[in-house]
Amino acid sequence: MTGELDGAQWFKSSYSGDKADCIEVAFVDDSVGVRDSKNQAGPPLVFSWAEWQVFTGGVLAGRF
């Protein structure tokens with residue numbers, strides 16, 4: 001999957017402003033890539049859509 005992320009469109013939250021300590025996210029097919037904005041050449045973490053939904057649901061519920 002990481003090879004498919006080579007042409008992905010990465011973005012970070014508008015809430016991060018000019019801060020350098022952010023993550024970037026890319027949605028490709030049924031997967032979600034996550035990488036460090038300071039190390040864009042580093043290996044991304046890749047999650048299934050279901051895993052991403054569980055994670056973001058936990059964030060919204062205040063579990064983290």
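## Starting with a tryptophan

Is Trp 52 buried or exposed, going by its relative accessibility? Trp 52 comes out at 13% relative accessibility, so it counts as buried (under 20% relative accessible area is buried, over 50% exposed, and anything in between partly exposed, with a 1.4 Å probe and protein chains only).

A quick word on the ground rules: this is a predicted model, where local features need pLDDT of at least 70, side-chain atom pairs need pLDDT 80 or more, and totals for chains, interfaces and linings use all residues. Residues are numbered from 1 along each chain as its sequence is written, and side-chain values use heavy atoms, leaving out hydrogens and water.

## Overall layout

Along the principal axes, the C-alpha atoms fill a box of roughly 30 × 30 × 15 Å.

Of the 64 residues, 30% are buried. Ser 16 is one for the buried list, with a relative accessible area of 11%, and it sits in the segment before β1. From Ser 16 to Gly 42 you go 26 residues in sequence and 20 Å in space, C-alpha to C-alpha.

## Aromatic pairs

Searching the whole structure turns up five aromatic pairs. A pair here means rings of Phe, Tyr or Trp (its six-membered ring) with centres within 6.5 Å; planes under 30 degrees apart are stacked, over 60 edge-to-face, and the rest tilted. Phe 27 and Trp 49 have ring centres 5.7 Å apart and planes at 70°, so they make an edge-to-face pair. Phe 27 is in strand β1 (residues 23-28) and Trp 49 in helix α1 (residues 49-60), so this pair ties together parts 22 residues apart in sequence. Phe 27 is partly exposed at 41% relative accessibility, and Trp 49 is also partly exposed, at 41%.

Trp 52 and Phe 55 make a tilted pair, 5.6 Å centre to centre with 45° between the planes. They are three residues apart in helix α1, so about one helical turn separates them. Phe 55 is partly exposed at 39%, while Trp 52 is buried.

## One cluster

Which residues form the aromatic cluster? Phe 11, Phe 27, Trp 49, Trp 52, Phe 55 and Phe 64 form one cluster.

Note on methods. Helix = DSSP H or I, 4+ residues; strand = E, 2+ residues; numbered from the N terminus.
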